Amino acid sequence: MINIIILGPPGAGKGTQARLIQDKFGYTQVSTGELVRHEIASGSTLGKYLQPIVESGGYLEDTIMLELLENKLKEIDSGAIIDGFPRTENQADALYEMLKRNHQQLDLVIDLKVDKDILAKRIAGRFSCVNCGAIYNQYFSPPADEGKCDYCKKTEFVKRKDDALEVVNKRLEIYTEKTQPLLDYYEKSGQLSHVDGMQSVDDVASQIEVLITKYLKKPQMCVN
Ligand SMILES: [Zn+2]
């Protein structure tokens, strides 16, 4: 059993990479947000307790998140890519203890490193052709003819509202501020691996693959 965490800001491609690892290695993506939603949908006593808290945007106790996570991990025997937990150092400590209780450990923490300015432009610059769905970026890959779709030659485009550059920048800033202590935590424990998240999806995926493969080989190398 291998437990992996991928850290990276919104838009860095965490979800995509988690799915690729899942397909490649047969591991299971475990999102604590989904576990909570699933528990509520099941109508269990715990679900009934959680529902009003979640609906009011309240804070779920670490012990509950951890219990849900622990139960889920017990169902998995190959590997888990844990998403949404931990977010704080206290949660990281609690996760450590929980895994240890189950004779497991956190094996890999992967930090998708991004250039915030470029990532913000990648996200905020996105727009697409209303007619054919072709995707452009105003900073990196605009239509050859300004205002005219390369493929269908139509001139109507659409852009997501919450993708304004300053909104995206703010989102990334908040993420960095909140996550830095966690990165420091795992850097100190020696579990952190950095991957350049600004490369293509395929290149990021193959780097992560190398990290996992190396990790899987490690115990045998020690024995020899
Ligand atoms: Zn078009």
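**Notes on the pockets and helix packing**

1. Two or more residues of the largest pocket's lining come from each of β1 (2-7), α2, α4 (62-74), β3 (79-83) and α7. Helices (H or I, at least four residues) and strands (E, at least two) are DSSP runs, numbered from the N terminus. Please keep in mind that this is a predicted model, in which local features need pLDDT of at least 70, side-chain atom pairs count only at pLDDT 80 or more, and totals for chains, interfaces and linings use all residues. Residues are numbered from 1 along each chain as its sequence is written, and side-chain values use heavy atoms, with hydrogens and water left out.

2. The largest pocket has a volume of about 600 Å³. Its lining holds 26 residues, and G84, F85, P86, R87 and Q91 are the closest to its centre. A pocket here is an open set of points on a 1 Å grid over the protein atoms alone, where a 1.4 Å probe fits, with protein on both sides within 12 Å along at least five of seven lines; lining residues have an atom within 4 Å of a point. The volume is the space filled by probe spheres set on the points, which are joined across faces, edges and corners.

3. Which element gives the most to the lining of the largest pocket? That is α7, with five residues. By class, this lining has 13 nonpolar, eight polar and five charged residues. Ala, Val, Leu, Ile, Met, Phe, Trp, Tyr, Cys and Pro count as nonpolar, Asp, Glu, Lys and Arg as charged, and the others, Gly among them, as polar.

4. Two backbone details deserve a look. The peptide bond from F85 to P86 is cis, with omega near 0°, and P86 sits in the loop that joins β3 to α5 (89-101). Both F85 and P86 are among the residues closest to the centre of the largest pocket. H103, in the loop between α5 and β4 (108-113), has a positive phi of about 55° although it is not a glycine.

5. The second largest pocket has a volume of about 380 Å³. Of its 20 lining residues, G11, A12, G13, L119 and R126 lie nearest its centre. Two or more residues each come from α1 (14-25), α6 and α8 (201-223), and α6 provides the largest share, three residues. The lining comprises seven nonpolar, eight polar and five charged residues.

6. On to the helix pairs. Helices α6 (residues 116-124) and α7 (residues 165-188) pack at about 135°, with their axes 9 Å apart, which makes α6 oblique to α7. Axes are lines fitted to C-alpha atoms, for helices over the stretch in contact, and angles run from 0 to 180 degrees between N-to-C directions. Under 35 degrees counts as roughly parallel, over 145 as roughly antiparallel, 65 to 115 as roughly perpendicular and the rest as oblique. The crossing of α6 and α7 is right-handed (the near helix is turned clockwise from the far one by less than a right angle; left-handed if anticlockwise).

7. In the α6 and α7 contact (heavy atoms within 4.5 Å), K116, L119, A120, K121, I123 and A124 of α6 meet L165, V168, N169, R171, L172 and T176 of α7. L119 also belongs to the residues nearest the centre of the second largest pocket. The contact consists of seven nonpolar, two polar and three charged residues.

8. Helix α2 (residues 32-42) has two partners to consider. With α3 (residues 45-55), the axes come within 7 Å and cross at roughly 120°, so the two helices are oblique to each other, and the crossing is left-handed. V36, E39 and I40 of α2 touch L46, G47, L50, Q51 and V54 of α3. With α4, the axes of α2 come within 10 Å and cross at roughly 90°, so α2 and α4 are roughly perpendicular. There, T32, L35, V36 and E39 in α2 meet M65, L68, L69 and K72 in α4.
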